[in-house]
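Dear colleague,

Please find the structure below, together with its sequence.

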Amino acid sequence: MTSLSRTRIAVAAGFALQGLVFAAIVTQAPRIKDKFDIGDSGLTGILVLVAVVSGVGSVLAGLVAEHRTSAVAFRLALLTIGLGALLVGVAPTLPLVVAAFVVYGLGVGAVDAGMNMQGVRVQQAYGRSIMANFHGMWSIAGIAGALFAAGAAGIDLPLAISLVIIAVVTWITVAVAAPHFVEAQEHDPGLSAKGLDLPWRPILVFGLVILLFYAADTGILTWSSVYLEDALDSTKSVAPLAYGAYEAGALISRFGGDFLVRRVGATKVVVTGTTVGVVGLAVVVTAAAPAMAIGGFFVTGLGLAILAPLSFAALAGAVPAKSLDVAIARMNIANYLGAILGGGLIGAAASADHLRWAFVIPLVLIPLVLLFARSFRTADATVIDAV
């Protein structure tokens, strides 16, 4: 096995750890609510806090990458999410569990930035599109994390022990993978302090696409099951299939997306993916029965999930090498703005008993991506570097 192959596997493992830890914590939210007697509004407040703190974590990752390397930033971030998982599990009081979520949020933001910094550099070294596959590893590990959480709850494994296991798995994996991360350093330390000297146009263009995607993604993941049960009168056993269908479509999109980019180019993939996603959302909004809505969510995931990895790849092709890591860290903040926007807008519509109208919001917003589709041609420009 070549050193480049080992690096690809190591970075993919980092993507997977992010999905594993996220799912292991989020899918155990009911157990956390019961343990601390937290209501729905309280849990929502904690999740919003995590999103806000994650933006800070993303900026910190950019600073570490700038003054050290993105490999250091990624390693520290992965260790931090492991620590966050452990603290969430063992926290004895509500204030301490909130503090634990703050630690986790800092790690989440830093990992999101660090894994994409590393991912685009591996892609540049390969000289072909592989970013979508990295994001696919996040999705697969997320499913594994959810299954682990379900199994832990099924055998009454204490929350603390289940999350300690996740933390230990994270730290062991980091110890094995981190030596193979890409040791690429910024050429202009101090760039982030200059602010306006950053390449803001591509950051804002692709950041807007990231914002739009995560606004739709968060809304779907949060409210799709509620939509089926409350608006379409599905049974409790059928309602979760909406979430599963969306994730199934996303997996196909991400593991097939790189092949399509190599065949027809990133711009055509973005146009096609956005169009397919809009068709899926239209089916969701007009669905007369649960089965139709489930199909719509599958089509939506199939179309939209490719947008996030291609946005990072396109940014990498649009900015100078000396500002790549800081630019990714800045653009990554749009991830959390989109999550807050999507969860807030769709949640507000849902709470007003207008669930069908709630999904009109992403249906209207997502077509805006087509305005920037031509900019994605920079995702096809790769630079061969030695790792």
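The notes below go from the overall fold to one residue.

Please bear in mind that this is a predicted model, and that every value given here was computed from it.

The protein contains 16 helices and zero strands. With a radius of gyration of 20 Å, close to the 21 Å that the globule rule gives for 387 residues, the protein is as compact as a globular protein of that length. The C-alpha trace spans about 55 × 45 × 40 Å along its principal axes.

When contacts between residues at least 6 apart in sequence are considered, 84% of them join residues at least 24 apart.

The accessible surface of the protein amounts to about 15,300 Å², and carbon and sulfur atoms account for 70% of that area. In terms of charge, there are 21 positive and 20 negative side chains. The centres of these two sets are 10 Å apart.

One residue may be of interest to you when you open the model. Asp 325 is part of helix H14, which covers residues 324-351. Is Asp 325 buried or exposed? Its relative accessible area is 0%, and since buried means under 20%, Asp 325 is classed as buried. Between Asp 325 and Val 48 there are 277 residues of separation in sequence, and the C-alpha to C-alpha distance between the two is 26 Å.

With kind regards

Methods
Residues are numbered from 1 along each chain as its sequence is written. This is a predicted model: local features need pLDDT of at least 70, side-chain atom pairs count only at pLDDT 80 or more; totals for chains, interfaces and linings use all residues. Side-chain values use heavy atoms; hydrogens and water are left out. Helices (H or I, at least four residues) and strands (E, at least two) are DSSP runs, numbered from the N terminus. The radius of gyration is taken over C-alpha atoms; the globule rule is 2.2 Å times the number of residues to the power 0.38. Contact means heavy atoms within 4.5 Å. Accessible areas come from the Shrake-Rupley method with a 1.4 Å probe; for residues, only the protein chains shown count as cover. Lys and Arg count as positive and Asp and Glu as negative; His and the chain ends are not counted. The place of a charge is taken as NZ of Lys, CZ of Arg, CG of Asp or CD of Glu. Buried means under 20% relative accessible area, exposed over 50%, partly exposed in between (1.4 Å probe, protein chains only).
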